[in-house]
Amino acid sequence: MDELDAVREEIRKVDKDMVALFEKRMALSREVALCKMKSGMPVYDAAREEKNIRELSALLEDAADQPYFQRWYQLLMDISKERQRAEKGKRS
(Lines give C-alpha, C1' and ligand atoms only; values in the text may rest on other atoms or scores of the structure.)
Protein backbone atom coordinates (compact mmCIF):
# COMPACT_ATOMS: atom_id res chain seq x y z
CA MET A 1 0.00 0.00 0.00
CA ASP A 2 1.47 3.33 -0.97
CA GLU A 3 1.31 6.51 1.09
CA LEU A 4 -1.80 7.86 -0.64
CA ASP A 5 -3.68 4.61 -0.08
CA ALA A 6 -2.70 4.65 3.59
CA VAL A 7 -3.98 8.21 4.05
CA ARG A 8 -7.20 7.37 2.22
CA GLU A 9 -7.70 4.37 4.49
CA GLU A 10 -7.35 6.62 7.54
CA ILE A 11 -9.89 9.02 6.04
CA ARG A 12 -12.27 6.11 5.50
CA LYS A 13 -11.97 5.14 9.17
CA VAL A 14 -12.70 8.71 10.25
CA ASP A 15 -15.65 8.88 7.85
CA LYS A 16 -17.11 5.69 9.34
CA ASP A 17 -16.86 7.24 12.80
CA MET A 18 -18.55 10.37 11.48
CA VAL A 19 -21.48 8.31 10.15
CA ALA A 20 -22.16 6.94 13.63
CA LEU A 21 -21.78 10.38 15.21
CA PHE A 22 -24.07 11.92 12.58
CA GLU A 23 -26.78 9.39 13.35
CA LYS A 24 -26.41 10.04 17.06
CA ARG A 25 -26.64 13.80 16.48
CA MET A 26 -29.78 13.43 14.37
CA ALA A 27 -31.39 11.31 17.10
CA LEU A 28 -30.54 14.02 19.61
CA SER A 29 -31.96 16.66 17.23
CA ARG A 30 -35.21 14.72 17.29
CA GLU A 31 -35.19 14.81 21.09
CA VAL A 32 -34.49 18.55 21.03
CA ALA A 33 -37.48 19.01 18.72
CA LEU A 34 -39.71 17.13 21.13
CA CYS A 35 -38.52 19.26 24.06
CA LYS A 36 -39.03 22.46 22.08
CA MET A 37 -42.53 21.39 21.07
CA LYS A 38 -43.46 20.76 24.71
CA SER A 39 -42.26 24.21 25.76
CA GLY A 40 -43.38 26.07 22.63
CA MET A 41 -39.85 27.13 21.73
CA PRO A 42 -38.91 27.92 18.12
CA VAL A 43 -36.50 25.67 16.23
CA TYR A 44 -34.09 28.50 15.36
CA ASP A 45 -32.03 30.31 18.00
CA ALA A 46 -29.50 32.57 16.26
CA ALA A 47 -27.63 33.55 19.44
CA ARG A 48 -27.18 29.92 20.48
CA GLU A 49 -25.91 28.93 17.04
CA GLU A 50 -23.40 31.77 16.93
CA LYS A 51 -22.19 30.88 20.44
CA ASN A 52 -21.77 27.21 19.51
CA ILE A 53 -19.79 28.04 16.39
CA ARG A 54 -17.54 30.44 18.27
CA GLU A 55 -16.90 28.06 21.18
CA LEU A 56 -16.29 25.00 19.04
CA SER A 57 -14.07 26.89 16.59
CA ALA A 58 -11.87 27.87 19.51
CA LEU A 59 -11.16 24.17 20.15
CA LEU A 60 -9.41 23.73 16.81
CA GLU A 61 -5.66 23.24 17.06
CA ASP A 62 -5.06 24.79 13.64
CA ALA A 63 -6.66 28.23 13.35
CA ALA A 64 -6.34 27.99 9.57
CA ASP A 65 -9.12 25.40 9.68
CA GLN A 66 -11.61 27.76 11.37
CA PRO A 67 -13.42 29.04 8.27
CA TYR A 68 -13.83 25.49 6.95
CA PHE A 69 -15.01 24.19 10.29
CA GLN A 70 -17.44 27.07 10.71
CA ARG A 71 -18.95 26.43 7.29
CA TRP A 72 -19.19 22.69 7.97
CA TYR A 73 -20.70 23.19 11.42
CA GLN A 74 -23.23 25.73 10.15
CA LEU A 75 -24.37 23.18 7.58
CA LEU A 76 -24.66 20.56 10.30
CA MET A 77 -26.81 22.89 12.39
CA ASP A 78 -28.95 23.71 9.35
CA ILE A 79 -29.51 19.98 8.80
CA SER A 80 -30.37 19.55 12.48
CA LYS A 81 -32.93 22.37 12.26
CA GLU A 82 -34.41 20.74 9.18
CA ARG A 83 -34.67 17.47 11.12
CA GLN A 84 -36.35 19.26 14.02
CA ARG A 85 -38.85 20.94 11.70
CA ALA A 86 -39.64 17.58 10.12
CA GLU A 87 -40.29 16.14 13.56
CA LYS A 88 -42.54 19.07 14.45
CA GLY A 89 -44.39 18.61 11.15
CA LYS A 90 -45.07 14.96 11.95
CA ARG A 91 -46.59 15.95 15.29
CA SER A 92 -48.74 18.85 14.03
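Trainee: Why is Glu 87 called buried?

Mentor: In this predicted model, Glu 87 has a relative accessibility of 0%. Buried means under 20%, so Glu 87 counts as buried. The residue is found in helix H3.

Trainee: What does Glu 87 touch, not counting residues up to four places away in sequence?

Mentor: With those neighbours left out, Glu 87 touches Arg 30, Ala 33, Leu 34 and Met 37. A contact requires heavy atoms within 4.5 Å.

Trainee: What makes the pair Glu 87 and Arg 30 a salt bridge?

Mentor: The N to O distance between their side chains is 3.4 Å. The cut-off is 4 Å, between a side-chain nitrogen of Lys or Arg and a carboxyl oxygen of Asp or Glu, so the pair qualifies as a salt bridge. The pair links distant parts of the chain, with Glu 87 in helix H3 (residues 66–91) and Arg 30 in helix H1, 57 residues apart. The contact between these side chains, at 3.4 Å, is also listed as a polar contact, for which the limit is 3.5 Å.

Trainee: Is Arg 30 buried, exposed or partly exposed, and how do you know?

Mentor: Arg 30 has a relative accessible area of 29%. Exposed begins over 50% and buried lies under 20%, so Arg 30 is partly exposed.

Trainee: Which residues are linked with Glu 87 in a network of salt bridges?

Mentor: The network links Arg 30, Arg 83, Glu 87 and Lys 90. By this rule the structure has eight salt bridges.

Trainee: What makes Lys 51 and Glu 55 one of the salt bridges?

Mentor: Their closest N and O atoms are 3.2 Å apart, which meets the cut-off of 4 Å. Both residues lie in helix H2 (residues 46–57), four residues apart, about one turn of the helix. At 39%, Lys 51 counts as partly exposed, and at 40% Glu 55 is also partly exposed.

Trainee: How do you know whether the length of H2 agrees with its number of residues?

Mentor: H2 has 12 residues and should span 16 Å at 1.5 Å a residue. The end C-alpha atoms are 16 Å apart, which agrees.

Trainee: Which residues of H2 are buried, and where do they sit around the axis?

Mentor: The buried ones are Glu 49, Asn 52, Ile 53 and Ser 57. They cover an arc of only 115° around the axis, so they are on the same side of H2. The buried residues of H2 pack against H3. Ala 47 and Arg 48, on the other side of H2, are exposed.

Trainee: How does the reach of H1 compare with what is expected?

Mentor: H1 has 37 residues and reaches 53 Å from first C-alpha to last. That is close to the 54 Å expected at 1.5 Å a residue. At the start of H1, a side-chain oxygen of Asp 2 comes to within 3.3 Å of the backbone nitrogen of Leu 4. Gly 40 follows H1 and has a positive phi, near 75°.

Trainee: Which residues are buried in H1, and what covers them?

Mentor: Met 26, Ser 29, Ala 33 and Lys 36 are buried in H1. What covers the buried residues of H1 includes H3.

Trainee: Why is no salt bridge assigned to Lys 36?

Mentor: The nearest side chain of opposite charge, Asp 45, is 6.7 Å away. The cut-off is 4 Å, so Lys 36 has no salt bridge.

Trainee: What polar contact does the side chain of Lys 36 make?

Mentor: The side chain of Lys 36 is joined to that of Gln 84 by a polar contact of 3.1 Å, and the limit for such a pair is 3.5 Å. Leaving out residues up to four places away in sequence, Lys 36 touches Met 41, Pro 42, Val 43 and Gln 84.

How values were computed
Residues are numbered from 1 along each chain as its sequence is written. This is a predicted model: local features need pLDDT of at least 70, side-chain atom pairs count only at pLDDT 80 or more; totals for chains, interfaces and linings use all residues. Side-chain values use heavy atoms; hydrogens and water are left out. Buried means under 20% relative accessible area, exposed over 50%, partly exposed in between (1.4 Å probe, protein chains only). Lys and Arg count as positive and Asp and Glu as negative; His and the chain ends are not counted. A polar contact is a pair of N or O atoms within 3.5 Å; within protein, one must be able to donate a hydrogen and the other to accept it, and residues adjacent in sequence count only if both atoms are side-chain atoms. Helices (H or I, at least four residues) and strands (E, at least two) are DSSP runs, numbered from the N terminus. The expected span of a helix is 1.5 Å times one less than its number of residues. The arc is that of the directions from the helix axis to the C-beta atoms.
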